[in-house]
Amino acid sequence: MSTVLEQKQAVVQEIAEKLANSESIIFVDYRGLNVAQATELRSKLREADVDFKVYKNTMTRRATEETNYTDVDEHLVGPTAIATSRTDAVAAAKVLHNFSKENEALEIKTGIIQGEVTAVEDIKQLAELPSYDGLMSMLLSVLQAPLRNFALASKAVADQKEENEDAS
């Protein structure tokens, strides 16, 4: 077997492994980004622990066949980069969506979120959600509200009783 064929098979295996083991995979068209913009995007993705790499569409199609994600094949046209996150299903979507707002040249094509092929609109909605820490903060605030209100009401009753006793 030739070394070129072995290298191609290794790339297909690498892509298939990423597709199979990532919480989120976002396919983007990066055409039109200049070097500074691409560097900034890669930096932001790296900070969010998101891998970003450009693969040939034919290699990616072979990997989607192995992982049963052939629904994304129709979007593998033109230059395509793949952003993958192994741990956070929202991280790649957030970074790419926010970056695409500032740089219209970046276009989100499709994605796979927790094993489900996802449309661009759904990826954008997912990106608009608060972070995990933000959601936990909101939940704690909602859970604390009844206790806080009870404490304020108890204090108001105690203060009123104290005023009545002082008046007597």
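## Legends for close-up views of a predicted chain

**View 1. The chain as a whole, with its contacts and outline.** Among contacts in the chain between residues at least 6 apart in sequence, where contact means heavy atoms within 4.5 Å, 80% join residues that are at least 24 apart. This is a predicted model, in which local features need pLDDT of at least 70 and side-chain atom pairs count only at pLDDT 80 or more, while totals for chains, interfaces and linings use all residues. Residues are numbered from 1 along each chain as its sequence is written, and side-chain values use heavy atoms, with hydrogens and water left out. The chain has six helices and five strands, where helices (H or I, at least four residues) and strands (E, at least two) are DSSP runs numbered from the N terminus. Read from the N terminus on, the order of these elements is α-β-α-β-α-β-α-β-β-α-α. The radius of gyration of the chain is 25 Å, whereas a compact globule of 168 residues would have one near 15 Å; the radius is taken over C-alpha atoms, and the globule rule is 2.2 Å times the number of residues to the power 0.38. Along the principal axes, the C-alpha atoms fill a box of roughly 100 × 30 × 25 Å.

**View 2. Strand β3 and its cover.** Five of the five residues of β3 are buried, so this strand is largely enclosed by the rest of the structure; here buried means under 20% relative accessible area, exposed means over 50%, and partly exposed lies in between (1.4 Å probe, protein chains only). Both faces of β3 are covered, with A81, A83 and S85 buried on one side and I82 and T84 buried on the other. For the chain as a whole, 34% of the 168 residues count as buried.

**View 3. The strands that pair with β3.** Two strands are said to pair if DSSP finds at least two bridges between them. Strands β1 and β3 run antiparallel and are joined by five bridges, and in this pairing F27 stands opposite I82 of β3. Strand β2 (residues 51–54) also pairs with β3 in the antiparallel sense, over four bridges, and the bridge partner of F52 in β3 is A83.

**View 4. Strand β4 beside β1.** Strand β4 is mostly covered, since six of its seven residues are buried. Six bridges join β4 to strand β1 (residues 24–29), and these two strands run antiparallel. Within this pairing, V28 stands opposite I108 in β4.

**View 5. The hairpin of β4 and β5.** Strands β4 and β5 pair in the antiparallel sense over three bridges, and I112 has V117 in β5 as its bridge partner. The two strands form a hairpin with two residues between them. Q114 is found in the loop between β4 (107–113) and β5 (116–118), and Q114 has a positive phi of about 45 degrees although it is not a glycine. Q114 is exposed, with a relative accessible area of 54%.

View 6. N68 is found in the loop between α3 (57–67) and β3 (81–85). The phi of N68 is positive, at about 60 degrees, although this residue is not a glycine. With a relative accessible area of 67%, N68 is exposed.
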